[in-house]
Amino acid sequence: MRTDGGIAAARRIGYIDRRAVDMSLKASTAIKASFTPMKMKELERETGIGRETIRFYIREGLLPEPVRPKRNVASYGPSHVARLNLIKRLQQERFLPLSVIKTIVATEEENPVKGFESFIGLESRLGPLLSEGRNFGPLKLEDAASAAGVSMDDVRALAGIGFLTIDVKDGSEFLNQRNVRLLELIGEWRAAGYTTEAGFPIEVYRIYAEVTEVLAHRAVAQFYKAFGEKVPTEEAVQMAAHGIRLINEMMPLLRIEKIIREVERVSATGALTPDEKDGTA
């Protein structure tokens, strides 16, 4: 569940000035020359961020693990200071949720991409282009569940497996346009007979969430690698929107083709493969 962003905040993001990240990197380089390892208390003082938050960032993969010269001793360096300052800046100045910051950080660590910072906030411009005429505003969670005919327990279970993302703002829970439509489709799916009683529990949808998350991570990383620092932001917005539309047309066709081929195979062999016996439709 995402608790620190939301559609309204995303609309205000824009793209971050490349100088913001450059300044952070330069500061880190300058510190290294005269830097001595520091303890948690010193890291708190240096960054203005509390230890519980720092530990949370480490657990979530937003911040590197400290060096541990011996048991119960942790040393922090300039990379920790630079990373914490960058996270704080992206949150406070650009209203980026931690989920977005984490993706940026992970992409940079696993496969460094120059120019990613120029595309920060791209999602705020992509959303309206891909809204397909529907109301882009968020809908309260209870209202969305009621309209879709899905119980709140099931809504939370769907969020628990990553199929839905619930945004929280000012203590209230919302679904954005895309998640509202996903929930509507679950309601329609059940109305068509694909109920829990028929053998389609919430867990069935987990694989769709997991597969699409992997595809999304790879697609975003590839886009940033290919076009970072090469394409102006406005052009990148149009390219991304067009690419998403093409993929959205490609994926259903590919899935239908695979399903038909699989049905043909089962008809010919009279047997399911082992991992399909408890699989999804």
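Let's start with one residue. Methionine 250 is found in helix 12. Helices here are DSSP runs of H or I with at least four residues, strands are E runs of at least two, and both are numbered from the N terminus.

A word on the model. This is a predicted model, where local features need pLDDT of at least 70, side-chain atom pairs count only at pLDDT 80 or more, and totals for chains, interfaces and linings use all residues. Residues are numbered from 1 along each chain as its sequence is written, and side-chain values use heavy atoms, with hydrogens and water left out.

Together with Ile207, Val211, Leu215, Ile247, Met251 and Leu254, Met250 forms a nonpolar patch on the surface. Their accessible area together is about 580 Å². That area comes from the Shrake-Rupley method with a 1.4 Å probe, and only the protein chains shown count as cover. Patch residues have over 30% relative accessible area and no salt bridge, and nonpolar side chains (Val, Leu, Ile, Met, Phe, Trp, Tyr) are joined within 5 Å, like charges within 9 Å. A salt bridge is a side-chain nitrogen of Lys or Arg within 4 Å of a carboxyl oxygen of Asp or Glu.

Which elements give two or more residues to the patch? Helix 11 (206–227) and helix 12 (233–269) do. Helix 12 gives the most, with four residues.

Two strands pair if DSSP finds at least two bridges between them.

Take strand 3 (residues 139–140) and strand 5 (residues 172–175): two bridges link them. Leucine 139 has leucine 175 as its bridge partner, and lysine 140 stands opposite phenylalanine 174.

On to strand 4 (residues 167–169). Three bridges join strand 4 to strand 5. Lysine 169 partners serine 172 there. Strands 4 and 5 form a hairpin with two residues between them. In that turn, aspartate 170 has a positive phi of about 55 degrees.
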